[in-house]
Amino acid sequence: MQGRIVGKVKRVNGPVILLKGITDARMMELVHVGEMGIVGEIVKLNGDEATVQVYEDTTGIAPGDNVYGTQMSLSVELAPGLIGNIYDGIQRPLEEIRKVSGDFISRGISIDAVDHEKLWHFKPSVAAGDEVAPGMVLGTVAETGRVNHKIMVPSSLEGEYSVVSIASEGEYKVTDEIALIVDKKGNNVHLTMIQRWPIRVPRPVKSRLSLEVPLITGLRVIDSLFPLAKGGTVAIPGGFGTGKTMTQHSIAQWCDADIIVYIGCGERGNEMTDVLREFPHLVDPRTGQSLMERTILIANTSNMPVSAREASIYTGITMAEYYRDMGYSVAIMADSTSRWAEALRELSGRMEEMPAEEGFPAYLPTRIAEFYERAGRMLSLGGFEGSVSVIGAVSPAGGDFSEPVTQHTKRFVRCFWALDRQLANARHYPAISWLDSYSEYVDEIKKWWNDKSGGQWLENRKRILELLQREVRLNQIVKLVGNDALPDSQNFILEVCSLFKTAFLQQNAFDEIDRYCEPEKQLKMLSLILHYYDLGEDAIAKGVPMVKIKRLSVVSEIARMRFNIPNGKSEDVDKLSLKLERSMMQLGSLYGED
């Protein structure tokens with residue numbers, strides 16, 4: 001192992017190593033332990049001793065082994081070639097590692113995160129003599145059919161620069177020099193297509209922007225009732241088997257983000273295996289090409305080193321910020337932040353820190369806040385508008401939402417999609433509770449939805465949520481005295497809510513039509529169900545028995561419209577509405593009009 005020796009191993013405690021004889025080291029410095037070069041990071045300094053958090057198995061490391069410094073922080077490589085790759089928690093490409101070490105990751109193995117030998121077609125965007133600044137675009141590379149990768153002046157630089165020379169259009173490696181720039185003092189800076197950025201440091205931006213546009217997921221219960229804004233944060237808490245991972249898979253495939261970063265953080269190996277097998281075969285519905293052409297996967301399963309799990313979410317969000325700075329909308333799926341918090345707890349315990357509630361470290365809320373605060377819609381240094389939306393799954397033990405990770409996460413997110421075990425057991429997908437969930441983005445994105453609905457979306461959403469609340473109170477009465485004790489007007493509320501749950505809230509992920517619902521269709525479906533309620537309420541007031549209304553054939557058609565009316569044919573919902581009106585008029589002519 002080459003490099004300067006910063007100390008020697010004094011004690012090994014799992015993934016935490018105590019060093020002695022520290023001569024020249026600094027906090028958060030990346031180090032290599034022993035002659036195998038196991039990757040670690042200095043997390044504590046105390047006189048001539050230091051504590052190192054190691055990202056690999058420490059078996060075989062012994063007191064007295066040398067520790068080598070790198071004079072840099074744990075960082076990620078940012079360059080063309082990230083999209084479509086599968087990494088571990090510290091950005092080592094798993095496919096390339098497999099070619100070298102087989103099915104198991106060899107300790108100390110070091111492989112470049114992106115292929116340094118691959119040629120990319122570079123198109124310059126500036127000319128010699130142009131003035132540039134950090135974040136500005138020097139040229140572009142077609143990374144995939146969907147992602148046009150902007151080669152930017154590194155954000156780590158400061159001030160203004162003049163372009164001395166720029167590479168002509170052609171094929172280059174990421175390590176080839178593509179530009180020479182000079183600052184006002186005459187210092188030359190040689191630039192390649194590759195940058196490095198510390199994972200724990202947010203990338204700088206010009207300013208934060210307001211969140212005005214929803215992230216369309218195609219799931220009606222989310223988009224219509226509990227919407228998430230682009231650049232927003234949301235938690236998906238739920239016990240084992242309630243569908244957190246499947247909900248994130250569906251959002252990853254169907255949401256209208258430009259880039260997806262999926263972080264498998266401490267999940268079971270078989271779940272992550274399904275992701276790795278399925279994602280390359282999923283088709284992007286907007287382009288007809290593989291979903292991997294806009295996806296980065298980070299696989300850090302529960303049997304991988306616990307400290308790498310802690311780093312994995314920072315690795316993912318740093319890559320997301322990089323594409324955000326190019327002007328892309330990025331969605332991060334973190335599955336699950338509970339496993340990440342458990343990694344913090346284990347590392348904190350091994351470092352003999354004072355535990356707080358349920359053994360988690362006292363700084364757990366701070367770490368959760370630091371992660372979610374890196375989301376947002378930003379104006380980048382280069383003048384591009386981009387966003388990072390964070391969708392974090394939370395796995396509370398036993399489905400207990402009062403445990404620390406869920407409670408602290410609720411403090412720092414503005415949207416909450418609570419999964420309900422009873423709904424999951426009833427095969428109601430997605431099992432998002434309409435009683436426990438909420439979204440604080442409604443007022444900010446209401447203009448977008450109201451513009452599409454003629455100003456009706458906010459009012460319709462409010463009305464249906466009120467009906468669902470009334471249904472809860474009526475069901476409590478029904479449990480005591482039965483349905484027969486309620487008048488038809490109240491029984492009709494139960495009927496409408498039941499129809500709303502099956503015809504609107506529930507979706508079939510395996511149905512070609514129902515697995516994704518465009519906004520226009522959602523708006524008209526919601527309006528139709530409320531129209532049914534209004535017409536039915538009026539008919540009952542005129543003496544029409546509720547049972548007659550339920551038996552109308554058009555009501556069955558409304559219940560099946562999610563399967564029968566495809567996207568792009570939302571006008572068929574209008575036809576159903578006209579048919580409903582005619583049926584109600586015919587029914588009304590038989591009762592109370594005489």
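For the entries below, I count Ala, Val, Leu, Ile, Met, Phe, Trp, Tyr, Cys and Pro as nonpolar, Asp, Glu, Lys and Arg as charged, and the others, Gly among them, as polar. The model I looked at is predicted.

**Entry 1, largest pocket.** I looked up the volume of the largest pocket and found about 970 Å³. I then listed its lining, which has 29 residues; L94, D103, F104, I105 and M304 are the closest to the centre. I noted that α1 (94-101), α4 (269-278) and β21 (295-300) each give two or more residues to this lining. The largest share, five residues, comes from α4. Sorted by kind, I have 13 nonpolar, seven polar and nine charged residues in the lining of the largest pocket.

I found a volume of about 660 Å³ for the second largest pocket. Its lining holds 24 residues, and M246, Y429, N508, A509 and F510 are the closest to its centre. Helix α3 (residues 244-254) gives the most to this lining, with five residues. I sorted the lining of the second largest pocket into ten nonpolar, ten polar and four charged residues.

I traced an open sheet of four strands in the order β12-β11-β9-β14, with antiparallel pairing. I marked β12 (148-152) and β14 (170-172) as the edges: each has a single partner strand, so one side of each is left without a neighbour in the sheet. On average, neighbouring strands here are turned by 40 degrees against each other, direction ignored.

Note on methods: Residues are numbered from 1 along each chain as its sequence is written. This is a predicted model: local features need pLDDT of at least 70, side-chain atom pairs count only at pLDDT 80 or more; totals for chains, interfaces and linings use all residues. Side-chain values use heavy atoms; hydrogens and water are left out. On a 1 Å grid over the protein atoms alone, a cavity is a set of points where a 1.4 Å probe fits but cannot get out, and a pocket is an open set with protein on both sides within 12 Å along at least five of seven lines; lining residues have an atom within 4 Å of a point. Grid points are joined across faces, edges and corners, and a volume is the space filled by probe spheres set on the points. Two strands pair if DSSP finds at least two bridges between them. Axes are lines fitted to C-alpha atoms, for helices over the stretch in contact, and angles run from 0 to 180 degrees between N-to-C directions.
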